[in-house]
Amino acid sequence: MTLNQQRKLKTIITGLFAWTVALVLFFPIFWMFITSFKTELQAISIPPTLVFEPTLDNFRVVQERSDYLHHAWNSVVTSFGSTIIALIIAVPAAYSMAFFPGKRTKDILLWMLSTKMLPAVGVLVPIYILCRDYGLLDSKTALVIIFTLMNLPIIVWMLFSYFKDLPKEILEAARMDGATPWDEVVKVVLPLSVGAISSTALLSIVLCWNEAFWSLNLTASDAAPLTAMIASYSSPEGLFWAKLSAASTLACAPIVIFGWFCQKQLVQGLTFGAVK
């Protein structure tokens, strides 16, 4: 077997493996999607029904029972709002740590990351009491604050890694031209890190969109996002699989579509600094 044939065979095997992994990961989403168009009897039939007449009744029931648009708006406000606030805090923090490191910079970064190791249920009671005392129960404000603090360590870490790989000669040249630290951030660092910031923001939005623990414990109806809406389809009577699949499809669709349109920025950000 020649060298070219070995390379082609390796490419084919790698491609088949990649497609197999992709199909395995995508199958639960595909099954959820087709189940949303089944009746309840078809959804629980054994063996599974593969050929059936699609119905939109489940989506109609979800909208009538749960007011999908209300929950979707809450998810948009909390996810995007917390991400924007976190970026406003994280960009200056990551900039100062990357370009003006101190003796305790690494310790501070490790301490910030260690907060992610704390189980959320461990601080549920004090946070619930604070929200109750300040009238923040069942409010989007509480979720925005919690989501911001929840994702801030990851955002700072990611931006710190991106900023650290920026050529320092560019900043030195800007300083020689009389640029202030604010000018460096706005006119140099941010334009060079658009892809990195976009990928970081997308990750934060996805994490906020999928967060269920705080949504279920701190909201009831007014501020309940899509994760709380999905949980409402679990009742003592059992799980309504077709309606649950329809609600899950409606909850996943916006973030999947958003990620699809942002994939260019995501890939650019994930590969930032890989080749110099």
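Entry 1: I started with Ser36 and skipped its neighbours within four places in sequence; the contacts left are Thr55, Asn58, Phe59, Ala242, Ser245, Ala246 and Thr249. I kept in mind that this is a predicted model. Is Ser36 buried or exposed? I get a relative accessible area of 0% for Ser36, so I noted it as buried, the cut-off being under 20%.

**Entry 2: the largest pocket.** I then turned to pockets. The largest one holds about 590 Å³ of space. I listed 21 lining residues, and those nearest the pocket's centre are Val123, Ile127, Ile146, Leu149 and Met150. Which helices each supply at least two residues of this lining? I found H5 (105–114), H6 (124–133) and H7 (140–164). Of the contributors, H7 gives the most, with seven residues. Sorting the lining by class, I got 18 nonpolar, one polar and two charged residues.

**Entry 3: the annotated segments.** I looked up the UniProt record, an unreviewed entry, which annotates "transmembrane region" over residues 12–34, 76–96, 108–130, 142–163, 184–207 and 239–262. I picked two of these to check against the model. Residues 76–96 come out as 100% helix and 0% strand, with 30 Å between the end C-alpha atoms. For residues 142–163 I also read 100% helix and 0% strand, and here the end C-alpha atoms are 31 Å apart.

Notes: Residues numbered from 1 in each chain as written. Predicted model: local features only at pLDDT ≥ 70, side-chain atom pairs only at ≥ 80, totals over all residues. Heavy atoms only, no water. 1 Å grid on protein atoms, 1.4 Å probe; cavity = no way out; pocket = protein on both sides within 12 Å on 5 of 7 lines; lining within 4 Å. Points joined across faces, edges and corners; volume = space filled by probe spheres on them. Helix = DSSP H or I, 4+ residues; strand = E, 2+ residues; numbered from the N terminus. Nonpolar A, V, L, I, M, F, W, Y, C, P; charged D, E, K, R; others polar. UniProt positions renumbered as here; feature names shortened; annotations may be inferred. Buried < 20%, exposed > 50% of the residue type's maximum accessible area, 1.4 Å probe, protein only. Contact = heavy atoms within 4.5 Å.
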